[in-house]
Amino acid sequence: MPPIISIRGVTKSYASGFQALKLVNLDIDKGEIFALLGPNGAGKTTLINIICGIVTASAGTVTADGCDIVDDYRAARSMIGLVPQELSTDAFETVWATVSFSRGLFGRAPNPTFIEGLLRDLSLLDKRNSRIMTLSGGMKRRVMIAKALSHEPQILFLDEPTAGVDVELRRDMWNLVRGLREKGVTIILTTHYIEEAEEMADRIGVINKGTLMLVENKHDLMKKLGKRQLTLHLQTPLQHIPDELRFWALELKAEGHDLVYTVDSADSVDISALLKRLNELSIVIKDLQTHQSSLEDIFVNLVTERT
Amino acid sequence: MNRPALIHSFNRHGVWAIYKFEIARALRTLVQSLVTPVITTSLYFVVFGAAIGSRLVTTSGVSYGAFIVPGLIMLALFTESLSNASFGIYFPKFTGTIYELLSAPVSYAEIVIAYVGAAVTKSVVLGLIILATASLFVPIKILHPLWMIAFLLMTACTFSLFGFIIGIWAKGFEHLQFIPMLVITPLTFLGGAFYSIDMLPPAWRAFSLFNPIVYLISGFRWSFYGAADVSVGISLGMTVGFFAICLWLVSWIFKTGYRLKN
Ligand SMILES: Nc1ncnc2c1ncn2[C@@H]1O[C@H](COP(=O)(O)OP(=O)(O)OP(=O)(O)O)[C@@H](O)[C@H]1O
Ligand SMILES: [Mg+2]
């Protein structure tokens with residue numbers, strides 16, 4: 001299946017001369033949830049804004065479902081919905097008016113039933129006649145989502161949808177995203193919360209200083225880069241690691257009190273043999289602990305290692 | 001997912017959405033949009049028309065009160081078109097809601113049609129309201145009603161386009177006031193809104209002919225009373241010319257993406 005979004009050789013230098021994107025190539029598959037991770041200023045918003053038509057790329061091409069975003073912008077844009085990072089709304093408009101406005105703007109005929117259902121899904125129905133300025137920040141964000149979905153887009157961009165959002169709303173948002181995916185909507189989101197990417201995304205891209213450093217299926221990424229550690233708390237501290245144990249990647253920590261076994265990848269894990277050998281050597285284990293590195297660790301590693 | 005029926009030619013729903021939004025904005029600020037200019041114009045009328053004008057005689061046999069009506073309407077038309085159109089496009093830039101416009105499947109031409117169309121609607125309605133207000137004070141005759149409407153529309157379009165350009169150019173609210181205050185109002189006062197430039201000494205009269213506003217007001221007044229400071233053909237040519245210049249400027253702005261996109 002051809003990618004729903006195809007980004008080829010995209011670069012961006014702002015008028016200030018600052019190069020925000022260095023050379024980005026990326027394909028997004030239809031129906032997937034793609035998370036773009038990166039520190040502040042990495043170029044996430046810049047990339048999204050280029051695809052959505054808000055920023056002009058300095059070079060390169062982007063297509064949405066085969067339609068070039070510049071030459072065939074009408075077709076491309078009418079399939080895309082965007083929830084931008086900044087909360088900018090028409091304070092004096094009502095929720096209903098602003099969501100209907102968005103639908104019209106994107107070229108679709110009015111459909112009050114659809115808008116009503118959308119507002120219901122986002123728990124905004126009782127606020128339909130309220131002016132936006134009377135809503136809380138979380139409600140405003142939901143209004144922005146409703147606006148982005150008002151024209152039934154096939155592709156949805158969420159630029160940090162959960163920044164400054166409470167736990168409950170974040171859950172709601174995740175459920176909404178899953179529901180949309182089930183309907184076949186492709187979702188591209190950026191986030192600073194790694195657990196969000198970990199929980200939601202099918203694939204993850206890590207961007208730093210304008211360069212896309214890695215794009216990987218989430219599970220492969222975890223497998224490939226995720227380290228697992230087994231920490232054994234010893235009864236009596238060891239001075240050094242006995243020769244008999246050199247077969248395992250072991251380290252002594254906490255002044256010889258902890259024996260740490262690091263497993264780099266999924267293969268060749270032989271914990272029972274290690275435990276057996278320890279037993280034979282009469283090394284008594286008081287307690288044990290395992291740790292699996294999260295995307296957060298992976299991410300920090302990537303961003304610090306390569307810069 | 002059902003694919004939307006794609007708009008390859010004209011996004012009428014989009015244009016209508018913007019137009020309605022702009023009209024709704026005016027209705028929300030009805031007092032500011034309509035009542036204020038009507039009161040201001042009535043004051044001009046009372047002061048210049050009734051108080052001072054009763055002591056003046058005009059050349060063309062029209063009472064001074066009636067003479068200034070076209071000029072008053074034009075003055076209101078200029079300022080309202082400018083401020084409505086410039087504010088309409090500047091405000092989304094200011095609040096950040098412009099992101100939606102830029103990411104929507106609307107062409108630049110459609111954006112202009114919607115914003116300028118709404119500004120024209122508002123200022124023409126206002127012009128007609130002022131005309132109605134004035135007719136309460138003095139008897140008004142309109143010799144060429146079709147030409148009157150044509151001048152009204154064309155001027156409203158030109159100044160709304162001009163306002164749209166200002167709104168895109170503006171970096172702050174003070175810029176929105178800058179051109180209307182510093183250029184348009186003086187030129188209007190010097191452009192024969194309250195007198196015929198024939199009343200001026202020859203040197204000043206010649207100088208006035210460099211003022212583009214003279215042609216707009218003169219042509220408009222001709223459509224009322226059949227008398228003009230300059231020939232109607234020139235007025236018409238000038239009006240169309242200014243319109244074309246503004247249209248060209250707008251298309252240049254969009255071709256270059258000037259101040260809308262990074
Ligand atoms: N209009 C602009 N003019 C000049 N530089 C800009 C402009 N917009 C963004 N930048 C710069 O481009 C870089 C990337 O910005 P961008 O907003 O894409 O980052 P981001 O990854 O979205 O960051 P965050 O996580 O903070 O939202 C930053 O260094 C930023 O300062
Ligand atoms: Mg950002």
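## Basis of the model

Helices (H or I, at least four residues) and strands (E, at least two) are DSSP runs, numbered from the N terminus. This is a predicted model, in which local features need pLDDT of at least 70 and side-chain atom pairs count only at pLDDT 80 or more, while totals for chains, interfaces and linings use all residues. Residues are numbered from 1 along each chain as its sequence is written, chains are lettered from A and ligands numbered from 1 in the order in which they are written, and side-chain values use heavy atoms, with hydrogens and water left out.

## The shell around ligand 1

Helix α1 (residues 44–52) of chain A supplies the largest share of the shell around ligand 1, namely three residues. Of the 16 residues around this ligand (a heavy atom within 4 Å), N40(A), K44(A), T45(A), T46(A) and Q85(A) come nearest. Because residues from chains A and B surround ligand 1, the site is shared between chains.

Polar contacts are pairs of N or O atoms within 3.5 Å. Oxygen atoms of ligand 1 lie 2.7 Å from a polar side-chain atom of K44(A), 2.6 Å from a side-chain N or O atom of T46(A), and 3.2 Å from a polar side-chain atom of E160(A). The protein covers 70% of the 630 Å² of accessible area that ligand 1 has on its own (Shrake-Rupley method, 1.4 Å probe).

## The magnesium ion

The protein donors of the magnesium ion (ligand 2) are T45(A) through OG1 and Q85(A) through OE1, lying 1.8 to 2.1 Å from it, where donors are N, O and S atoms within 2.8 Å of the metal (3.2 Å for Na, K and Ca), and sites may look incomplete because water is not among the atoms. The pair links distant parts of the chain, 40 residues apart, with T45(A) in helix α1 and Q85(A) in the loop between β6 (80–83) and α3 (95–105) of chain A.

Methods
A polar contact is a pair of N or O atoms within 3.5 Å; within protein, one must be able to donate a hydrogen and the other to accept it, and residues adjacent in sequence count only if both atoms are side-chain atoms.
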